[in-house]
Amino acid sequence: MALRLASKPLEVMWPVTIHQPQNGGKTTAMKISLKWKILDTDEFEKLMPKAVDFSNNGVDEPWVKFWSAIITGWEGVKGEKGDADLKFSKAKLQDLVRVPYVLKALLPAYQECIAGASVKN
């Protein structure tokens, strides 16, 4: 297959594993898929936060803005009761990325995606 340069950013659905803390020092791996907008390097550098401020429980507003520009959809995110898929919206996305252990999982997954690293099952 030949590489084609596109005028708009590529968007891909990519798996993300989130390690949700549990009692006793354990975590539960939660798997979701996020639809990433693959930004060009100039746009990425412009949006990428330069430093992290952990004064807000590890959730830094520049990171919320960054991920809101990159994540355009999801699969496998459940509502509060856990029984139905939650419809994607920018407001719900902002709620999701404000969760510190979710935020921590995003950058490594995005980096794997843009590096072309195949996901191991």
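Modeller: We begin with a definition: helices (H or I, at least four residues) and strands (E, at least two) are DSSP runs, numbered from the N terminus. Ser68, for example, is found in helix H2. This is a predicted model, in which local features need pLDDT of at least 70, side-chain atom pairs count only at pLDDT 80 or more, and totals for chains, interfaces and linings use all residues. Residues are numbered from 1 along each chain as its sequence is written, and side-chain values use heavy atoms, with hydrogens and water left out.

Colleague: How many helices and strands are there in the protein, and in what order do the elements run from the N terminus?

Modeller: The protein has four helices and three strands. Their order from the N terminus is β-β-α-α-β-α-α.

Colleague: Is Ser68 buried or exposed?

Modeller: Buried means under 20% relative accessible area and exposed over 50%, with partly exposed in between (1.4 Å probe, protein chains only). Ser68 has a relative accessible area of 12%, so this residue is buried. Of the 121 residues of the protein, 29% count as buried.

Colleague: Which residues does Ser68 touch, not counting residues up to four places away in sequence?

Modeller: Contact means heavy atoms within 4.5 Å. On that basis Ser68 touches Lys90, Leu93 and Gln94. Phe66, leaving aside its neighbours within four places in sequence, is in contact with Phe44, Leu47, Met48 and Pro49.

Colleague: How is a pair of aromatic rings described?

Modeller: One gives the distance of the centres and the angle of the planes. Rings of Phe, Tyr and Trp (its six-membered ring) pair if their centres lie within 6.5 Å; planes under 30 degrees apart count as stacked, over 60 as edge-to-face and the rest as tilted. A search of the whole structure finds nine aromatic pairs. One of them is formed by Phe44 and Tyr110, which are stacked at 5.9 Å centre to centre with 10 degrees between the planes.

Colleague: Which parts does the pair of Phe44 and Tyr110 tie together?

Modeller: Phe44 lies in helix H1 (residues 41-47) and Tyr110 in helix H4 (residues 100-115), so the pair joins parts that are 66 residues apart in sequence. Phe44 counts as buried at 15% relative accessibility, and Tyr110 is buried at 0%. A further pair is that of Trp63 and Trp67: the ring centres are 6.4 Å apart and the planes at 20 degrees, so this pair is stacked. Both residues lie in helix H2 (residues 61-70), four residues apart, about one turn of the helix. Trp63 is buried with a relative accessible area of 10%, and Trp67 is buried with 0%.

Colleague: Which residues form one aromatic cluster?

Modeller: The cluster consists of Trp36, Phe44, Trp63, Phe66, Trp67 and Tyr110.

Colleague: How many residues has the largest nonpolar core?

Modeller: A nonpolar core is a set of buried Ala, Val, Leu, Ile, Met, Phe, Trp, Tyr and Cys residues joined through side-chain atoms within 4.5 Å. The largest has 28 residues, and those with the most contacts inside it include Trp36, Phe66 and Trp67. The largest share of this core, seven residues, comes from H4.

Colleague: Which residues of H4 are buried, and what covers them?

Modeller: In H4 the buried residues are Val102, Leu103, Ala105, Leu106, Ala109, Tyr110 and Cys113. Their cover includes S1, S2, H1, H2, S3 and H3.
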